[in-house]
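Here are my notes for your first read of this protein. Keep the structure open beside them.

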Amino acid sequence: MPSDSARSRWRPSGGRGWIRTETLFGLLAAVLLLVVGLPILSLLPGISLDSLAAQISERGLLRAVGVSLGSATLATALAAVLGIPTAYLLAHSESRVSWLTRGLLVLPTVLPPVAAGVLLLNVFGPAGPVGALLSAGGWTFVNAFGGIVIAQLFVTTPFVVLTAEAAFRSLDPVLEEASQTLGQGTGRTFRRVALPLARYGILAGLALGWMRALGEFGATVVMAYHPHSLPVYLWLELTGRGLQSALPVALVALVIAVLTLVMAEPLARSGMARSRGASPGLRGPTRPAAAEAHAPRGLPSETPSSAGMEPLAESVAVAGHRAVAGSARETRSASETLLAADIGYVIGGFRMQLELTAGREIVSLFGPSGAGKSTLLRLLAGLGRPERGRIVLGGVVCFAGEAGRTDGDAVAADRRPAGMVFQEPALFPHLDVARNVLYGVERVVQDPEGLLAELTATTRLQGLERRFPHELSGGQQQRVALARALARRPRVLLLDEPFSSLDFNMKERLHRDVRRIQRTYGLCVLYVTHDLRDACALGDRLAVISDGRLLQTGPPLEVLRRPANFDVARFVAVRNLLPGVVEASGSRGGLVRCGGISLATGPVPFITGDAVYACIRPEDVVLLKPDRPLAPPADENVLAGGVLSEQLRGPTYSLTLCVESAAEGQGPILEIELPVRSYDSLGIGARKEWRVSLRKSAIHLVAR
C-alpha cells in the first residue's frame, strides 16, 4: 500500500480515485521499462561463453576498445579546456554574439552524424584548408586516431558547453559580485568561486559528453574508418559475420556503459546532497543551523564583548594602493571626507542624480523600495558604471567621467578601498568560516592566522572557524560576511540591508556590533535600509532618497521632526499631514488654518496666503486628562474631538481622532500614537471624547 504521503499526492478530492491514477502511471512506466530494458535483458541468453571468449581473444576488439576509450577521453578533455571557459562567457552575456555562438554550438546535436562527418571531411580532409596544410607537413586526420578525436570533439562539445553554461547560470550572481568586492578579478573569481560551485553540473556534462563520444559512429566512420573504434568494429562484425558475432561486442559496450554509470553514481549523489544544502567539503557530521540562543556549550555567546577591540595589526595591499588600517587611536580628523559621490545614472526608465559626502560616521540611506538605494551602493562598489559623475572612496578617485563618454576613468570593483555586505550573507558554501573570512587576503597578509583570530574576536565568531555556512544561524552568517568585508581594510563599508531577514533581538545585537566596529576602525559606513526604526537606531546621519534623488540629510531626529518636503514627511512616518493656508507668519510664531481650525505654530518661513502642509508626528499629539484645565498654555494648541478607531501596534496603540471645528462642525483627522501603559492608565477604551494638545514646536510646515 502507498504511504500516507503518497496518498496525499495521488488522492483527488472525490475519494479513492488515486488508485486508478497510480495504476495508470505504473502501467505507462512498465511499458517504458519494457521498451528500454527488454533488449538489454535479452542480450545475455543470446551469447555463448565460447563466442565471448573468442571475441575477447581477438586483438581487433581489444584494440577497438582502447581506441574508443582513449579518443573519447582526449576529446572530452579538449571539450573541457575549450568549452568550460566558453560556457562561462555565455552564462554572463546576453549579446547577439553570444546568442549566435550558442546557436552554432547547438547545431551538432541536431545534425545527422554522417552529415557532421562530411562537413569535417570538407575541412580536415586532403582537399580541405586545414587538411591541405597538414598534408604538406606529412600529417593527416583522415583514417587516423586524430580524425576520431576531431569527430568526437565535434559531437561532444555541445553537451559540455550547454551543461556547463546551465551550471554557471544556476549560481547566485551575488557570490561572484562578493568575490569582486573582496579584491578578486574575473579570473580568480572563476577559479575560486564559479568553477568549484558549478563542478557537479560541469562533471555531469563531461560524463555525458564522454559517453556521447564513446558511442559516436556516423561522423567517425566518415573521418576515420581506420583505426576501428568500438562502434565501427561492432558495425563490421554485424555486417560481416552476422548478429551472433556482433552480440559479444555489444555486451562489451554494455559493460563499459554500466561501469560508467556506476562510477558516475557518487557524483550524482554528491550533486543531490549539495542541492539539499550539504557542504561538499564538510568534515565530520553535519548538524542543522540552530538559533544562536540554543547553541551548544563552548560556542561564543551573543552578549556584547570587548574582545577584538584592538585594531588590525597588518596593512593589506589593495591593487596598487595601500588602504591604511583604521584605528581608534588615529589622530586624523573625524570630519575627514571618506566618501564623495556625484552620480548621474540611467537604466531603463529610472534616472539617478544625486550628490553625497560622508566622513567617519554611519549614514543610514533610507527610502522606499525602488528608490535607488541598492543601485547607489552597487555603483560605489564598482558593480555598475555611472553615466557621468565622480566617485571618491577613501581618497581614491574610483570613477570620473562625463555624459556621452565611455572612456572615463573607472577603478574595477576588486581594486576599490570599499567593503560590501549584501542583503544575503553571500558566503561561499564550499569554504568554511576561516577561508571565507580570509578569502582574497590570505596571500597578501604576513600573518593570516593572526588576522583571522582578530577578526573572529571582533565579530564574536570564536570557535566557529571550521564550520561551513549551512551550519551557521542567520546572525552568525552575517557576522562572517562582516568579518570578510573588514579583512581588506576598507575605508568605506557598504551595507545593503544585511539585517532585514533577522529577528528584532538579533538585529539589535548586530547594530551594536556595527557601531562598535565603526568606532574602532574609524570607517565610513553607508547603511541601506527601508526600515525607519533601523535607520534611526544605527545612523549618525539619515539620508532620505527617492526616485534616485537625495531629498534630505541630517541627524535622524532633525529629519524626523523637520522634514524638508512632503515626500520626506511621508517617508519618515509623519502620518498627520494637514493641508492648510498660512494666516499669519513671523520669526516668533505664526498661524495656519487647517480644516476649519487655526493652529498656532513656531516661526513660519512662509508668507500669508501660502498653501502648506502642517506636519505633526503622531507621538507629538498628547491626550489631556479630563481634570486638566481648559485654558491652554501659551505654547500649546488644545483641541477637542472623538476617537474613531484604535489599533494595537505592538508596544503602542494607534488612535484615530476627529477634531471638532466650531466653524464647520468637523475638523481634520489626527492620528495619535501612545504607549500601551498610557492607554491603560487613561482608560481610553471606556471613553471616546477627548481633548488633545499640540505644542507649537511640534507643528512643522512644508510647502504644498
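**Notes on the pocket and the fold**

1. The lining of the largest pocket has 11 nonpolar, 8 charged and 1 polar residues. Here Ala, Val, Leu, Ile, Met, Phe, Trp, Tyr, Cys and Pro count as nonpolar, Asp, Glu, Lys and Arg as charged, and the others, Gly among them, as polar.

2. This is a predicted model, where local features need pLDDT of at least 70, side-chain atom pairs count only at pLDDT 80 or more, and totals for chains, interfaces and linings use all residues. Residues are numbered from 1 along each chain as its sequence is written, and side-chain values use heavy atoms, with hydrogens and water left out.

3. In all, 20 residues line the largest pocket. Leu532, Arg533, Ala573, Arg617 and Glu673 lie nearest its centre. Two or more lining residues come from each of α20 (532-538), α21 (556-561) and β21 (665-675). A pocket is an open set of points on a 1 Å grid over the protein atoms alone, where a 1.4 Å probe fits, with protein on both sides within 12 Å along at least five of seven lines; lining residues have an atom within 4 Å of a point.

4. The protein chain has 23 helices and 23 strands. These are DSSP runs (helices: H or I, at least four residues; strands: E, at least two), numbered from the N terminus.

5. Is Threonine 601 buried or exposed? Threonine 601 is buried, at 3% relative accessible area. Buried means under 20%, exposed over 50%, partly exposed in between (1.4 Å probe, protein chains only). Threonine 601 sits in strand β16 (residues 597-601).
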